[in-house]
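The sequence and structure follow.

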Amino acid sequence: MTVNLLDFDLEGLAAFCEGLGEKRFRAVQLFRWIHQRGASDFSQMTDLARSLREKLPGVARVEGLKVLSRQDSADGTIKWLFDVGDGNAVETVFIPEDDRGTLCVSSQAGCAVGCRFCSTGHQGFSRNLSTGEILAQLWYAEFFLRAFLKRPGERVITNVVMMGMGEPLQNYHALVPALKVMLDDHAYGLSRRRVTVSTSGVVPMIDRLAQDCPVALAVSLHAPNDALRDDLVPLNRKYPIAELLDACLRYLPAAPRDFITFEYCMLDGVNDQPEHAQALLKLLREHGGRGVPAKLNLIPFNPFPDSGLRCSPRAVVQRFGQLLNEGGVVTTVRKTRGDDIDAACGQLAGDVLDRTDAARRMARRRESVHPIRLMTPKKERQA
């Protein structure tokens, strides 16, 4: 049984090479061949000792994921569907811009959080991806794009966002080694500012990430109070907003930026009214007595079947952003990319062998939805 070398960060690969009787510098050479040149054939790694090249095929492999499909958007966005086995497939999206190339990477086959506005959550959850399966998305995309765009030897992917399928911090054990490879100068050499982990608010793992691998953090907020967020982001019932913002404040000293990005999906008649904007301003300016340094990213909702939700009208989104900017919180509206191939935010679904009965749970939640007041009385919340 051979091991997939995509599963190792540099320290793990060095330990593997030591087990073969090799010195650390051999691991560095091997690491560079895999992640800087996209090599998978050990015989091509000409600066490795011949004895090592002959030894490796019997104990190791460099194996990516099978591409099931590729879709190209009119705006240049590319979406791949990768086979991860057992009836599961995950989606990965490349978003080109004038000054950057961003890859949106999946961390799980499905997602167990079940946010109402997310297509992935409606598919349910099958399993966590391995470190190698997370990295294989970047490894394939980078070297495919170099050939496809005729840019050999030139880095194409400048930013990675863990915003694909899944909740990254619920797959922490596999996530952190993958992040370390993305940051390693012997691999992709991305800066901590250019690698972003998006989370719906797994508070204990936010604290661990600050210690283990502090990259840019994006928090899916989507509501200014617990009553509304409980309905939109079920994880809020375990880690309510106050606890989440406390974790954000603890994260900031280690973070590569001096603010936390908060994502806010604009849902027509649900969380997009002026009173929601005012409550959001109050929350971010006053939490903990000093507020949370923040940037707001407003995301127009991308509809999908069975969500029961609509996107806020453009004028409503613009007015909401204006209120926040006037209140002193830097706010931008995310430009929708790849929506013609279902590659926009919240649309990634892939194929998931659901182990969580998500369809029935989501249907039950939709049936029980009722109008939610901006602030719910304390006694009612406790009941």
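The model is predicted, and the values here are computed from it. Of the 383 residues in the chain, 55% count as buried. Among contacts with a separation of 6 or more, 67% are between residues 24 or more positions apart. The secondary structure consists of 13 helices and 14 strands.

Ten strands form an open sheet with mixed pairing. Their order is β3-β4-β5-β6-β9-β10-β11-β12-β13-β14. At the edges are β3 and β14, each of which pairs on one side only. On average, neighbouring strands of this sheet are turned by 20° against each other, direction ignored.

Helix α5, residues 131-148, packs on this sheet and touches β3, β4, β5, β6 and β9. The direction of α5 makes about 140° with that of β4.

Strands β4 and β5 run antiparallel and are joined by seven bridges. One of the residues involved is Ile78, whose bridge partner in β5 is Phe94. In general, strands of a sheet pair through backbone hydrogen bonds, either parallel or antiparallel.

The residue ranges of strands named above include these:

| β3 | 66-72 |
| β6 | 100-104 |
| β9 | 159-162 |
| β14 | 330-333 |

Methods
Residues numbered from 1 in each chain as written. Predicted model: local features only at pLDDT ≥ 70, side-chain atom pairs only at ≥ 80, totals over all residues. Heavy atoms only, no water. Helix = DSSP H or I, 4+ residues; strand = E, 2+ residues; numbered from the N terminus. Buried < 20%, exposed > 50% of the residue type's maximum accessible area, 1.4 Å probe, protein only. Contact = heavy atoms within 4.5 Å. Pairing = 2+ DSSP bridges. Axes fitted to C-alpha atoms, helices over the stretch in contact; angles between N-to-C directions.
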